[in-house]
Amino acid sequence: MTLLEHAESSVGRVDPVTVEIIRNALTSAANDMNATLIRSAYSPILYEGGDCVVALLDVDHQVLGQSAGLPLFLGNLETCSKAVEDKYGKQVWQPDDVWILNDSYLGGTHLNDVTIFAPVFVDGDHVGFSATRAHWMDMGSKDVGGSMDSVDIFQEGLRMGPVKLHEAGRETFVVDIISTNVRFPYQTIGDMNAMIAALRMGTNRMQELVARYGITTIEASRDEIFRQTEAIERETVAAIPDGVYEAEGVLDNDGIDLDTPIPIRLKVTVDGDGIDFDVTESADQTRGPVNCGVAQAVSALRVGYKLLISPDTNSNGGSFRPLSTQVREGSVLGAVAPAACQWYFSHLGLLIDLVSKALAPALPGRVVAASHGDSMIINTAGTDPRTGRDWVTMEATLGGWGAWDGSDGESALINSVNGSIKDLPIEMVETKYPFRISAYRIEPDTGAPGQWRGGNGATREYEFLSDCTVGLWFERSRTRPWGLFGGEAGSGPEVVINPGHPDEEHLLKVNARPMKAGDVIRLTTSGGGGYGRVADRDPKAVASDVVNGHISREYARRHYGYDG
Amino acid sequence: MSSTLKRIEIEALASLESEGVPEERRVVQHSVDVRYQLQEFFLTVDLESAEEPLAEDFGDRLAERFAKQYADRYGHANLGAPIEIVTLRTRVTGVIDSAEERVSERAGDYGIPHSTRPVVFDHETQDTMIIDRENLLAGHAFDGPAIVVEDTATTVVPPDFSVRVDENGALIIRNLEAERTR
């Protein structure tokens with residue numbers, strides 16, 4: 001398109017200044033929604049961790065504005081309102097209705113990720129949707145907060161297809177079904193109300209925007225924003241040499257059969273300004289809970305795509321248009337009922353890293369070596385002797401990221417799947433729950449050597465002050481965080497119970513293991529992979545790493561021939 | 001609760017008195033930070049007076065006031081759900097006229113009195129001027145590195161920053177590199 005044609009086709013209708021105002025107003029509306037959710041939430045995983053995401057969608061379920069939140073929820077909130085429409089038709093949308101859905105095969109994630117959404121009306125016209133998704137601490141699964149060894153969806157708790165939570169402004173009986181099926185109803189209903197508050201904020205903001213600019217201007221701006229986004233992405237994709245690129249890795253196991261690894265295979269085909277991600281050769285769905293619905297597999301591929309193609313722009317309905325995806329139903333990435341889906345993300349983290357690995361030969365300056373790559377979950381549950389109340393926690397552990405051309409990897413970050421989730425502050429954890437964090441540090445020598453070294457993992461150590469149970473989901477010990485272009489691989493994860501004692505025990509995954517008061521558990525996550533050959537590392541950088549404690553003297557001698 | 005609020009009020013009013021704020025210009029506002037049990041974030045709810053918590057129906061009143069404020073902010077409220085008081089607040093304000101403009105004495109021809117000490121900036125030791133703020137007068141100008149000390153604050157002027165003292169004695173600090181690229 002020439003500049004002149006462009007001017008006639010779209011800018012003639014909405015001036016660029018208005019487009020920018022509307023673009024930013026939509027993003028800021030999403031940020032307001034997110035703030036409302038976090039500030040009125042009842043669970044630390046939301047108000048401290050931020051395990052949630054919000055979006056405004058148009059009537060065709062395209063994203064108008066989205067909070068940063070969890071990248072893994074990129075562009076799949078729309079599957080929920082679409083699922084309703086597929087089932088009941090467009091006439092189902094009514095003012096002051098609120099819908100809820102957590103079905104893993106529709107939403108793609110585990111039952112704990114609950115999506116609540118509502119149609120937005122202006123003067124009787126349906127103009128779009130307001131949507132939120134947040135992690136609920138417990139859905140009534142067989143073990144508190146979720147099991148590490150579930151073998152079907154029925155063990156994982158309450159599953160809701162799309163149903164109405166509010167009808168014409170009044171709560172339905174669904175609220176009662178929820179509060180009788182989850183273990184922490186007071187907290188859960190509080191979080192549910194926080195999500196509805198966020199929906200209202202989104203609805204108000206959207207109505208204000210429509211009142212101020214009119215739906216025609218907003219739709220024209222939307223088309224222009226989508227067009228720009230698509231054009232930028234197509235240009236970047238077109239610059240990648242055409243060809244077929246492949247990468248594969250394995251998950252350690254499915255949590256049930258600990259000896260059988262689960263292969264994940266990615267084939268990327270670049271053809272002009274289009275790119276196709278094919279994961280159909282990945283493993284069949286497993287008995288254990290490492291399956292996800294198609295929507296999440298697509299999401300993970302979108303994250304991998306976005307990190308390489310358009311890392312600096314907000315995603316919207318124009319994003320991902322050059323990308324097509326092939327996911328096989330019945331595979332771990334396209335689970336069908338009644339597959340267990342509790343730990344739906346481990347292969348997704350691997351997949352995101354595999355996108356980078358596959359495209360490394362084509363985009364050496366953009367790709368990054370593998371990260372620790374998994375959420376590395378610890379869950380605790382028990383009865384607090386101080387209050388007599390039951391508690392449950394669910395924490396993701398930080399790890400090392402991979403290096404890239406021009407920089408060492410970052411140490412102790414949340415994994416790519418989880419994006420802006422925060423680790424829970426020690427002060428908060430120790431106040432709320434009967435355990436102490438006896439160590440929390442960046443673990444030297446865990447990152448991989450290379451011309452650019454991988455970031456280091458972290459160690460977090462818990463000392464329990466009362467009897468309780470612990471669940472662990474630590475991954476990626478078989479496919480350790482690989483390096484690129486001669487860089488080496490990072491360490492694997494390590495979990496030790498009662499280190500240095502006669503009953504010391506090493507393990508990575510376990511369900512509801514009983515712990516006694518005084519027991520200690522030490523979690524160490526992987527470091528990231530290196531980039532480029534060790535021989536090419538600047539000796540001054542090695543010396544500086546030793547001085548700053550990133551690597552030990554022995555490690556520097558062993559890997560870099562350091563003589564200090 | 002009431003006696004704690006009253007105690008803070010008396011203490012704060014005495015402090016205003018010692019600063020010479022006349023009685024008719026002292027304003028007191030009591031408030032409490034409230035949230036629903038288990039929440040983290042709270043809303044600040046104003047009280048009528050320090051005595052209000054003594055009223056028999058105070059719990060209900062507070063819950064209602066909080067619910068109203070909560071509904072205004074979040075679009076819904078859970079009247080009847082347990083609430084927690086996180087913090088008691090008493091704000092005492094002395095309403096005073098705005099200050100007269102203070103014009104600083106003009107600097108003369110002589111240099112700025114200072115001592116010199118080695119200070120590390122960005123891993124490099126540099127001889128640095130240590131200046132007493134009282135010695136800075138309107139019109140004075142100098143380049144970093146320097147450290148300006150006074151009773152209530154320490155101002156670090158890194159290398160590549162310049163300082164000018166304006167008519168009111170304020171320090172105007174500029175980044176020389178940013179100035180150059182402008």
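## Terms and basis

A contact means heavy atoms within 4.5 Å. This is a predicted model, in which local features need pLDDT of at least 70, side-chain atom pairs count only at pLDDT 80 or more, and totals for chains, interfaces and linings use all residues. Residues are numbered from 1 along each chain as its sequence is written, chains are lettered from A and ligands numbered from 1 in the order in which they are written, and side-chain values use heavy atoms, with hydrogens and water left out.

## Chain A: fold

In chain A, 72% of the contacts with a separation of 6 or more join residues 24 or more positions apart. Chain A has 13 helices and 20 strands. Both are DSSP runs numbered from the N terminus: helices are H or I with at least four residues, strands are E with at least two. The radius of gyration of chain A is 24 Å, close to the 24 Å that the globule rule gives for 564 residues, so chain A is as compact as a globular protein of that length. The radius is taken over C-alpha atoms, and the rule is 2.2 Å times the number of residues to the power 0.38. The C-alpha trace of chain A spans about 70 × 60 × 40 Å along its principal axes.

## Chain A: surface and charge

Of the 564 residues of chain A, 61% count as buried. Buried means under 20% relative accessible area, exposed over 50%, and partly exposed in between (1.4 Å probe, protein chains only). Chain A exposes about 21000 Å², and carbon and sulfur atoms supply 51% of that area. Accessible areas come from the Shrake-Rupley method with a 1.4 Å probe; for residues, only the protein chains shown count as cover.

Chain A carries 48 positive and 77 negative side chains, and the centres of the two sets lie 2 Å apart. Lys and Arg count as positive, Asp and Glu as negative; His and the chain ends are not counted. Each charge is placed at NZ of Lys, CZ of Arg, CG of Asp or CD of Glu.

## Chain B

Chain B has 3 helices and 10 strands. Along the sequence they follow the pattern α-β-β-α-β-β-β-β-β-β-β-β-α. The radius of gyration of chain B is 26 Å, whereas a compact globule of 182 residues would have one near 16 Å. Its C-alpha atoms fill a box of roughly 70 × 40 × 30 Å, taken along the principal axes.

Of the 182 residues of chain B, 31% count as buried. Residues 24 or more positions apart account for 48% of its contacts with a separation of 6 or more. Chain B exposes about 11600 Å², with 47% from carbon and sulfur atoms. It has 19 positive and 36 negative side chains, and the centres of the two sets lie 3 Å apart.

## Interface

Chain A brings 16 residues to the contact and chain B brings 13 residues. The area buried between the two chains is about 1400 Å², of which carbon and sulfur atoms give 51%. Arg39(A), Tyr42(A) and Tyr186(A) supply 42% of the area that chain A buries against chain B, more than any other three residues. Buried area is the accessible area (1.4 Å probe) that two parts lose on being put together, summed over both.

## Backbone details

The peptide bond from Ala337(A) to Pro338(A) is cis, with omega near 0 degrees. Pro338(A) sits in the loop between strand S11 (323-326) and helix H10 (346-359) of chain A. In chain B, the bond from Gly144(B) to Pro145(B) is cis, with omega near 5 degrees.

Met376(A) is not a glycine, yet has a positive phi of about 50 degrees. Met376(A) is buried, at 0% relative accessibility.
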